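Please read it beside the sequence and the model.

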Amino acid sequence: PPLRPVAASPVSGIMFSWVSKDARRKKEPELFQTVAEGLRQLYAQKLLPLEEHYRFHEFHSPALEDADFDNKPMVLLVGQYSTGKTTFIRHLIEQDFPGMRIGPEPTTDSFIAVMHGPTEGVVPGNALVVDPRRPFRKLNAFGNAFLNRFMCAQLPNPVLDSISIIDTPGILSGEKQRISRGYDFAAVLEWFAERVDRIILLFDAHKLDISDEFSEVIKALKNHEDKIRVVLNKADQIETQQLMRVYGALMWSLGKIINTPEVVRVYIGSFWSHPLLIPDNRKLFEAEEQDLFKDIQSLPRNAALRKLNDLIKRARLAKVHAYIISSLKKEMPNVFGKESKKKELVNNLGEIYQKIEREHQISSGDFPSLRKMQELLQTQDFSKFQALKPKLLDTVDDMLANDIARLMVMVRQEESLMPSQAVKGGAFDGTMNGPFGHGYGEGAGEGIDDVEWVVGKDKPTYDEIFYTLSPVNGKITGANAKKEMVKSKLPNTVLGKIWKLADVDKDGLLDDEEFALANHLIKVKLEGHELPADLPPHLIPPSKRRHE
């Protein structure tokens with residue numbers, strides 16, 4: 001039918017409805033209710049077609065499922081046998097979970113997903129991979145040998161309300177690892193690494209050797225270095241001097257395996273509820289445990305951002321993969337000599353990588369492992385590969401350039417609207433409040449429960465100095481106070497903060513109590529503690545307190 005101009009209002013000028021519906025839709029930004037829904041739609045509409053066209057799933061990782069976008073943050077524990085992985089989970093959730101076995105020999109021989117459920121129980125691997133609500137369906141590809149060694153332990157627990165924890169079999173040393181498993185252990189870990197929010201590598205302070213298998217596993221976690229944290233467990237069993245040496249040796253060994261210029265964050269401690277054997281480093285262990293807990297507690301808050309980040313990583317890899325496959329297709333002859341050409345192309349894959357890098361300005365860090373790619377290509381039929389389809393790549397580029405930026409804004413909005421989403425329950429509640437909270441009664445908190453003003457005990461010493469600074473009407477000026485305070489050698493920014501806290505009545509002068517308080521705060525700072533943002537009630541001088 002002939003195209004007819006559509007009548008338009010004089011304001012908008014003449015408008016023709018010749019623009020097709022599809023083109024119009026393309027120009028309009030996608031509208032999403034939540035970040036998870038946005039990610040799911042972007043993946044299905046823009047990235048999945050590219051992945052399917054170039055057989056991405058046969059080479060790298062299976063397609064993402066709806067459950068991958070909705071599931072709770074997951075923590076993956078990896079380590080050699082008897083480094084305390086299962087005990088670590090027990091310590092966090094403060095209760096036994098179904099299927100749990102602990103002992104000095106290699107006890108955990110299965111992958112156990114510890115998740116929240118209304119009742120305690122175990123779901124075997126074969127049932128797990130057919131459950132659409134769980135993010136494990138694609139583990140089906142690893143076969144029965146793996147599924148028999150995979151299960152989900154369900155239990156009602158407040159910690160598991162906000163995170164799930166994956167316990168893995170202890171990494172064995174020597175040939176036992178490869179021969180007796182019956183499935184590709186490193187590949188399974190790699191599958192989990194792509195989908196979890198945090199990977200915790202556990203080491204035992206006693207046996208620090210990193211076996212070849214463990215270093216292979218750590219190398220399989222390449223591209224996920226940002227998720228890796230390291231725990232040096234059982235550190236209470238050795239003296240301080242030995243601990244320093246063990247820590248140094250651990251950092252040196254890791255430096256050779258994890259090829260990043262940044263240092264991996266290592267938490268030192270004893271992650272179980274038994275008394276410390278050698279309590280010398282108690283304060284260090286407490287501080288480290290608090291830091292690790294804070295890191296785990298931040299996971300629900302950053303979950304959407306992590307999923308967004310992983311989708312970007314996946315999209316970049318899918319783009320590079322499309323270029324590799326289409327380059328190989330282009331080089332293949334139409335009729336004769338296909339096998340010999342295939343061999344030649346696989347051997348020269350490194351040159352193809354460099355060519356793609358130059359032509360498309362792609363960073364070498366985005367390319368998949370050369371050796372692994374060569375292995376996978378051996379079994380493929382190159383004549384079935386697809387040629388380059390710029391439209392598919394443009395769609396993914398548009399997603400990365402525009403849609404992801406919009407979702408980024410939504411992530412921040414979602415975070416600000418949510419109540420503070422921290423992991424609660426279990427070991428996370430033990431040190432929240434009360435006298436066993438981290439740093440309670442130390443530094444500026446000293447004397448918090450005392451009836452007497454804590455500064456009072458040193459006040460006679462401070463008074464002697466006060467009366468040498470020629471007070472007028474019982475108060476000294478800022479200039480005189482400064483002469484004395486700078487003797488502490490603290491920088492002016494810190495002294496300025498101390499002055500603000502000590503000048504309780506804000507009259508620009510210090511009386512004897514305020515001067516004593518200023519000196520007390522200087523002492524707190526010199527002992528290495530932080531200054532409070534506001535003066536805590538127990539530090540307010542007695543004469544300045546409001547008596548209700």
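Lys234 sits in the loop between strand E7 and helix H11 (240–257); helices (H or I, at least four residues) and strands (E, at least two) are DSSP runs, numbered from the N terminus. This is a predicted model, in which local features need pLDDT of at least 70 and side-chain atom pairs count only at pLDDT 80 or more, while totals for chains, interfaces and linings use all residues. Residues are numbered from 1 along each chain as its sequence is written, and side-chain values use heavy atoms, with hydrogens and water left out.

**Loops with positive phi**
- Most residues other than glycine have a negative phi.
- Lys234 is not a glycine, yet its phi is positive, near 60°.
- Lys234 is partly exposed because its relative accessibility is 21%; buried means under 20% relative accessible area, exposed over 50%, and partly exposed in between (1.4 Å probe, protein chains only).
- Lys489 also is not a glycine, and its phi is positive at about 65°.
- Lys489 lies in the loop between helix H20 (478–485) and helix H21 (492–502).
- With a relative accessible area of 74%, Lys489 is exposed.

**Whole chain**
- The chain holds 22 helices and 10 strands.
- Of its 548 residues, 46% are buried.
- Take the contacts (heavy atoms within 4.5 Å) between residues at least 6 apart in sequence: 77% of them join residues at least 24 apart.

**The sheet**
- An open sheet of 8 strands runs in the order E3-E4-E2-E5-E1-E6-E7-E8, with mixed pairing; two strands pair if DSSP finds at least two bridges between them.
- Strand E3 (121–124) and strand E8 (266–268) are the edges; each has a single partner strand, so one side of each lacks a neighbour in the sheet.
- From one strand to the next, the twist averages 25°.
- Strands E6 (residues 198–204) and E7 (residues 228–233) are parallel and share 6 bridges.
- Across that pairing, Ile199 stands opposite Ile228 in E7.
- Helix H10 (residues 212–220) packs on the sheet and touches strand E1 (74–79) and E6; its direction makes about 160° with that of E6.
- Helix H12 (residues 282–297) lies across E6, E7 and E8, at about 135° to E8.
- For these angles, axes are lines fitted to C-alpha atoms, for helices over the stretch in contact, and angles run from 0 to 180 degrees between N-to-C directions.

**Strand E1**
- Because 6 of the 6 residues of E1 are buried, the strand is largely enclosed by the rest of the structure.
- Met74, Leu76 and Val78 are buried on one side of E1, and Val75, Leu77 and Gly79 are buried on the other.
- E1 pairs in the parallel sense with strand E5 (residues 164–167) over 4 bridges, and with E6 over 5 bridges.
- Leu77 has bridge partners in both: Asp167 in E5 and Ile200 in E6.

**Aromatic rings**
- Rings of Phe, Tyr and Trp (its six-membered ring) pair if their centres lie within 6.5 Å; planes under 30 degrees apart count as stacked, over 60 as edge-to-face and the rest as tilted.
- By this rule there are 19 aromatic pairs.
- Tyr43 and Phe69 make a tilted pair, 6.0 Å centre to centre with 50° between the planes.
- Tyr43 is in helix H2 (residues 35–53) and Phe69 in helix H4 (residues 66–70), so the pair ties together parts 26 residues apart in sequence.
- Tyr43 is buried at 2% relative accessibility, and Phe69 is buried at 6%.
- Trp191 and Phe192 make an edge-to-face pair, 5.2 Å centre to centre with 90° between the planes.
- Both Trp191 and Phe192 are buried.
- Ring pairs link a cluster that includes Phe111, Phe136, Tyr183, Trp191 and Phe192.

**Glu194**
- Glu194 belongs to helix H9 (residues 185–195).
- Its relative accessible area is 23%, so Glu194 is partly exposed.
- Beyond neighbours within four places in sequence, Glu194 contacts Ser61, His224, Lys227, Arg306, Asp310 and Arg314.
- Glu194 and Asp310 are 116 residues apart in sequence, but 7.3 Å apart in space, C-alpha to C-alpha.
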